[in-house]
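This report describes one protein model for a reader who has not seen it before. Please keep the sequence and the structure at hand while reading.

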Amino acid sequence: MNESLSRMLRELRLGGMAETLEVRLQEARASGLTHQEFLELVLADETLVRNDRKIDRGVRRASFRDVRRLEDFDFSFNRSIDRAKVFELASGHFLRSAKDVLLCGPPGTGKSHLAQAVGHAVIRSGAIVYYRSIFDVVRDFLHDEAMGGEEKVLARYLKPDLLIIDDMGMKQLPKRSGEYLFEIIMRRHEVRSTIMTTNRPLEDWGKLIGDVPSASAILDRFLQSAEIMKITGRSYRLKNSEKKSKGTKAPPGSAAEEKE
């Protein structure tokens, strides 16, 4: 490919086509492709690159704590998880009806992984996703409220097709947390979808946020048409730590083993 053609492709922002054009030209000569077949191939290359870049931008914008995928999740470890339901959520159909989802269960059972994996999957379908832990939510509002920018931070939470609020119940939240969370849930209710994860019973939410009326109002709206997935069983993290412990066990007959 000559320098002039390469420069024009870059100027037209056809980087994907520029990367594969030389290979496609050789393929066209070797296989005797028609002009239309050749054009379809190079346009497919450009489309693929653009889609990959779009997904990368969506994942960065989502601000996931970890980039998780469903194919990395060990469903065999925990039979209490409805695999079919998880993949149904990953299809993104629930976004069209602005349905909410609550994942509840003990720590370490995969709630955060599943929530982020569903988020990653719907980004691939074109949805805008935003991930925050409940502590991030409160910090965001406290900071922007002090700076006079509460409407700006609220807009960040209202815009996404899917908002994921993780870790509800890890510890008690600061004052006014209930107000912030209620504002988000109320404004998104029946307009945009929200996924929340919690490791505490719903009746404890009033104590967690220090505001029983706000907790009741939040749950009243959120649970109205929410999909509730209860997860039980052992902790994945404990399983992994057990594996590491076994993997680092002292060799037979060593001084370290004698001390154990």
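## Overall figures

The protein has an accessible surface of about 15,100 Å², and carbon and sulfur atoms hold 52% of that surface. Accessible areas come from the Shrake-Rupley method with a 1.4 Å probe, and for residues only the protein chains shown count as cover. The model is predicted: local features need pLDDT of at least 70, side-chain atom pairs count only at pLDDT 80 or more, and totals for chains, interfaces and linings use all residues. Residues are numbered from 1 along each chain as its sequence is written, and side-chain values use heavy atoms, with hydrogens and water left out.

The protein contains 13 helices and five strands; these are DSSP runs numbered from the N terminus, with helices being H or I of at least four residues and strands E of at least two. Of its 260 residues, 46% count as buried, where buried means under 20% relative accessible area, exposed over 50%, and partly exposed in between (1.4 Å probe, protein chains only). Among contacts (heavy atoms within 4.5 Å) with a separation of 6 or more, 78% come from residues 24 or more positions apart.

Helix α1 covers residues 3-11 and helix α2 residues 15-31; their axes come within 7 Å and cross at roughly 155 degrees. Axes here are lines fitted to C-alpha atoms, for helices over the stretch in contact, and angles run from 0 to 180 degrees between N-to-C directions. The two helices are therefore roughly antiparallel, a label for angles over 145 degrees. On the α1 side the contact is made by Leu 5, Leu 9 and Arg 10, and on the α2 side by Gly 15, Met 17, Ala 18 and Leu 21.

In helix α8 (residues 150-158), the residues Val 153, Leu 154, Tyr 157 and Leu 158 are buried. They lie on the same side of α8, because they cover an arc of only 140 degrees around the axis. The arc is taken from the directions from the helix axis to the C-beta atoms.

## Two buried strand residues

Asp 166 belongs to strand β3 (residues 162-168) and is buried at 0% relative accessibility. Its side chain forms a polar contact of 2.3 Å with that of Thr 197. A polar contact is a pair of N or O atoms within 3.5 Å; within protein, one must be able to donate a hydrogen and the other to accept it, and residues adjacent in sequence count only if both atoms are side-chain atoms. Beyond four places in sequence, Asp 166 touches several residues, including Arg 65, Tyr 131 and Ser 133.

Thr 198 is in strand β4 (residues 193-198) and is buried, with a relative accessible area of 1%. The side chain of Thr 198 has a polar contact of 3.3 Å with the side chain of Trp 205. A polar atom of the Thr 198 side chain also lies 3.2 Å from the backbone nitrogen of Arg 200.

## Exposed loop residues

Arg 13 sits in the loop between α1 and α2 and is exposed, with a relative accessible area of 69%. Its phi is near 60 degrees, a positive value in a residue other than glycine. Glu 190, in the loop between α9 (177-188) and β4, has a positive phi near 65 degrees and is exposed at 55% relative accessibility.

Gly 210 is placed in the loop between α10 (205-209) and α11 (212-222). Gly 210 is exposed, with a relative accessible area of 61%. Its C-alpha atom is 7.4 Å from that of Gly 178, a residue 32 residues apart along the chain.

Definitions and conventions
Angles under 35 degrees count as roughly parallel, over 145 as roughly antiparallel, 65 to 115 as roughly perpendicular and the rest as oblique.
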